[in-house]
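Please keep the sequence and the structure in view while reading.

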Amino acid sequence: MKEKKWFSLSVEQVIKELETNPEKGISNGEAEKRIENFGQNVLTPAKRVPAWRRFLGQFENPLIIILLVSAVASFFAGRATDAATIIAVTIVNAIIGFIQEQKAQGAIDALAKMIKTEAMVTRHSEKPFRIGAEMLVPGDVVQLSTGDRVPADLRLIQTRNFNVNESALTGESMPVLKNTDPNDSEASIGDRKCMAFSGSLVTAGSAVGVVVETGDVSEVGKINALMNKTGDLSTPLMERLEAFSKVFGIWVVAFGILIFIVGMHHGGNATEMFMAAVAAAVGAIPEGLPAVMTIVLAIGVKNMAARKAIIRKLPAVETLGSVTVICSDKTGTLTANEMTVQRMVTGSTIYNVEGVGFNPCGGKVYSQSSNNPLSEPDFKMLLKSGVLCNDSHLVFRSNTFEVEGDPTEGALITVAEKSGVVTDEMRKNNARIDVMPFDSAKQMMFTLNRDESGNVFIWAKGSVEKLLPMCSMQLSNGQKVPVNSDYFHKHVDDLAGQGMRVLGFAFTSLPAGTILIPESMPDMTFLGLQAMIDPPRPEVREALAHCRSAGIEVKMITGDHLATAVAIAKDLGIGHAGVAGISGKELSEMSHKEMMEKAELSSVFARVAPEHKYKLVEALQDRGHLVAMTGDGVNDAPALKRADIGVAMGISGTEVAKEAAAMILVDDNFATLVRAVEEGRNVFNNLVKSMVYILPTNTGQGLVILFATLIGSKLPITPVQVLWVNLLTAFLSLPLAFEAMEKGLMDKKPRQPEQPLIDRSLVVRIIVVSLLMTVACFVVYWYQFSIMGYDIEVARTSVVTAMVAIELFYLFPARGLHAPMPGCSPKLNKVFWPCIIVTVLLQLAFTYTGFFQKFMESRPMDLDTWLVILAISAVIIPLIESLKRMERMDSHEEK
């Protein structure tokens with residue numbers, strides 16, 4: 001069905017098309033018929049995976065499937081205890097994963113919440129009344145006033161100084177003045193001045209509109225449909241773990257079959273060889289690893305929350321450490337989102353303004369010739385124009401100054417207060433008679449005011465290009481003289497080149513009884529310029545320097561003008577010298593291939609619409625980048641979901657953007673994002689530490705069983721004892737999740753997506769520890785079983801204890817991945833010593849208590865055996881530290 005372009009039709013055509021009455025609307029009976037035809041004004045939710053299916057999905061990992069098969073095989077082999085233990089471990093892992101998935105919420109829920117509001121309608125009634133917005137239908141006549149959220153897509157039929165903030169849809173932060181005139185049929189959403197879109201916020205004035213689109217066919221509904229089509233991307237960690245699981249799973253199955261075949265070849269009993277294969281499979285699988293990794297990620301989430309970055313999707317923690325490109329908004333993220341006047345120019349003097357933000361006490365105004373410019377008539381009149389031709393207010397709330405209204409107007413009030421003007425008193429003494437609101441087409445605003453003496457003045461502000469031609473005179477040293485346009489244009493060019501937004505100001509006096517007539521404005525006197533900028537956040541420069549040293553490229557994306565964006569980027573050191581910025585218009589004209597090339601080369605994208613963000617993300621991803629994208633509007637949601645890491649703004653962001661994102665910046669601060677990247681790298685480091693720590697146990701257990709099979713010996717360890725060792729190993733790995741950040745973490749290049757989880761040097765380390773464990777276990781087993789003549793249960797208990805002891809001593813050097821072993825002070829890692837103490841107590845209980853002796857087939861050991869085990873196990877500390885020292889030497893030589 002062809003989309004209806006309501007914005008291009010006249011009010012009369014819309015009324016006729018929808019068969020409604022502009023004053024009375026439609027009747028309740030007609031509304032009921034239409035709701036049956038069009039449906040409720042709600043968004044269709046995305047199809048959800050049922051809870052039972054998500055739970056079963058936890059068992060789809062190849063390693064978990066092998067464990068379950070092993071459990072079934074153990075049960076039929078008469079080892080019910082082993083089977084129950086294996087199943088219990090897999091179920092616990094599944095529950096942890098399921099609970100984590102339950103916490104994640106879809107972006108569609110937020111879109112639906114956004115439309116759940118009320119609307120003031122007229123339905124053949126004497127007075128308008130409120131109904132739930134979900135009951136609105138095309139043809140309803142809706143009244144809007146300041147503070148209302150637009151409940152559906154409306155074609156406006158009456159407006160009075162009606163301003164709407166559409167930033168959630170268009171990305172444009174400035175309120176838009178609406179009217180009832182039809183627009184061009186090819187007008188973009190931001191240029192449809194006769195429309196009010198669902199989810200937009202009324203910032204000023206009032207209006208009456210006719211509902212033209214509801215639910216899924218509204219502009220918000222179209223975004224909802226796009227989000228339903230945009231699937232969640234797999235994170236680098238998930239992809240690597242999936243690949244690791246498949247390869248490792250094949251190896252485990254092959255290893256189990258090998259042990260069974262070798263055992264049978266050496267004349268072993270089929271049942272015993274089968275249990276040996278099961279023990280090998282169970283031992284080789286790191287079943288505790290998923291839980292440990294979840295804990296490592298969860299601790300990363302907690303650490304990031306303390307640094308004002310909220311993670312919504314757990315794997316995103318690690319993905320942050322792999323990011324190669326950060327696409328950042330300018331306003332409020334790189335900058336403070338507090339417009340600040342920094343320079344003022346009159347016909348006679350140039351003034352500098354100290355301080356940033358809306359705090360009127362934060363700085364002063366001065367010139368080369370004066371520290372008290374308020375005594376100068378030109379300056380005082382320039383300030384007066386900025387205060388009176390202004391609809392905003394400065395308020396002190398929650399121990400900070402805030403602007404009620406437009407930030408640009410807030411900057412004009414702030415600089416007046418800094419200069420010593422009591423703005424409330426000035427407004428009181430110059431009562432407003434009439435106003436012509438700011439019009440984006442004319443780029444000017446006019447007010448008509450009467451002073452205490454009854455004199456009437458027009459005060460004006462706006463674009464210098466528009467306002468200066470209306471002035472034949474300028475104020476200079478308190479006198480009216482012919483205007484020097486070249487003088488002011490030169491200053492405008494200079495200030496704009498510094499990334500400042502420049503406004504011109506003018507006035508004229510009029511006889512009493514005058515009204516404002518747009519078509520016949522009188523000749524005016526130009527007062528001067530006020531130049532302002534949204535200053536960079538103080539901490540951003542350091543954060544950008546961290547990005548450069550970490551090999552992360554930062555790209556600025558803004559709805560601001562190209563010249564302003566380029567100037568700020570240059571000031572911050574973003575981008576490459578000599579590479580120009582790109583406008584949204586240029587992006588619209590590019591093919592995907594061209595965009596891939598330009599997105600790689602350029603670092604500044606200005607006048608960008610939210611739909612361009614989505615295309616930029618795709619282009620950068622197709623170039624092999626892992627992309628973090630910031631956004632705050634409804635229309636940013638698809639790009640946030642498409643990015644490898646979608647980052648929403650906590651203060652300025654809509655609920656839709658927050659729900660679509662993987663991470664939320666509580667303070668809207670770019671530096672917080674960079675700190676999160678740093679934390680992400682630390683999380684990955686700790687994940688790798690955990691894997692390198694856990695895997696030698698699994699490999700060692702497999703080798704012990706293999707060698708026992710080769711020499712025709714009884715199994716040195718049973719399947720249930722294998723699980724006990726794996727459980728303690730996973731428990732001992734917990735301190736690694738709490739390890740502090742290693743030095744130089746942000747001086748390395750981002751990891752490449754195809755880079756393996758465990759590099760060659762770490763594989764060597766795993767093999768060395770595994771071989772040491774294998775040798776130690778056989779020495780202890782041989783000593784107990786063959787030399788001392790102890791029962792097989794005592795020998796197996798010694799083997800289990802040797803494995804646990806080696807892992808316990810291995811924990812000390814494992815705390816540093818490549819760095820030397822850190823100190824053992826409890827202040828450095830609060831869970832290190834508690835985990836060691838608990839592990840020792842559990843192993844003593846395993847050895848000497850009746851409960852464990854019954855279910856784990858363990859037996860007490862003598863003191864000599866303990867001393868032999870501890871002596872062999874302690875060797876691992878100097879051995880691993882020597883390996884790490886050689887790794888650092890090799891790495892230094894490669895550089």
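In this predicted model, the chain averages a pLDDT of 84, and 87% of the residues score at least 70.

The secondary structure of the chain comprises 34 helices and 27 strands. Of the 895 residues, 53% are buried. The chain exposes about 38900 Å², and carbon and sulfur atoms supply 58% of that area. Among contacts between residues at least 6 apart in sequence, 71% join residues at least 24 apart.

Eight of them form an open sheet of mixed pairing, in the order β8-β27-β26-β25-β9-β22-β24-β23. Its edges are β8 (309-311) and β23 (582-583), each of which pairs on one side only. In general, strands of a sheet pair through backbone hydrogen bonds, in either a parallel or an antiparallel manner.

Within this sheet, strand β25 (residues 627-631) may be followed towards both of its neighbours. On one side, four bridges join β25 to strand β26 (residues 645-649), and these two strands run parallel. Here A628 has I645 of β26 as its bridge partner, while M629 stands opposite G646 in β26. Strand β9 (residues 325-329) also pairs with β25 in the parallel sense, over three bridges. In that pairing, V325 is found opposite V627 of β25.

How are the residues of β25 directed, and are they buried or exposed? V627, M629 and G631 point one way from the strand, A628 and T630 point the other way, and all are buried. Such an arrangement can be set beside a general rule: in a regular strand the side chains alternate between the two faces of the sheet. Because five of the five residues of β25 are buried, the strand is largely enclosed by the rest of the structure.

E186 lies in the loop between β5 (176-177) and β6 (195-196), and K5 in the segment before α1 (11-18), so the pair ties together parts that are 181 residues apart in sequence. E186 has a relative accessible area of 61% and is therefore exposed, whereas K5, at 33%, counts as partly exposed.

A further salt bridge joins R307 and E678, with their closest N and O atoms 3.5 Å apart. R307 is in the loop between α11 (289-306) and β8, and E678 is in helix α26 (residues 670-710), so distant parts of the chain, 371 residues apart, are linked by the pair. R307 is partly exposed, with a relative accessible area of 26%, and E678 is likewise partly exposed at 21%.

The salt bridge between E887 and R765 has its closest N and O atoms 2.7 Å apart. This pair also links distant parts of the chain, since E887 belongs to helix α34 (residues 876-894) and R765 to helix α29 (residues 760-787), 122 residues away. Both E887 and R765 are buried. Elsewhere, R192, E219 and K222 are linked in a network of salt bridges.

Two individual residues complete the tour. S218 is located in the loop between β7 (201-213) and α8 (219-229). What does the side chain of S218 reach? It reaches the backbone oxygen of G215, at 2.7 Å. Not counting residues up to four places away in sequence, S218 touches D153 and E213. With a relative accessible area of 1%, S218 is buried, because the cut-off for burial is under 20%.

L723 has its place in helix α27 (residues 719-732). This residue is buried as well, its relative accessible area being 5%. L723 and N698 are 25 residues apart in sequence, and their C-alpha atoms are 10.0 Å apart in space.

Key
Residues numbered from 1 in each chain as written. Predicted model: local features only at pLDDT ≥ 70, side-chain atom pairs only at ≥ 80, totals over all residues. Heavy atoms only, no water. Pairing = 2+ DSSP bridges. Buried < 20%, exposed > 50% of the residue type's maximum accessible area, 1.4 Å probe, protein only. Contact = heavy atoms within 4.5 Å. Areas by Shrake-Rupley, 256 points an atom, 1.4 Å probe, with all protein chains shown as cover. pLDDT = per-residue confidence, 0-100. Salt bridge = Lys/Arg side-chain N within 4 Å of Asp/Glu carboxyl O. Polar contact = N/O pair within 3.5 Å; in protein donor to acceptor, adjacent residues only side chain to side chain.
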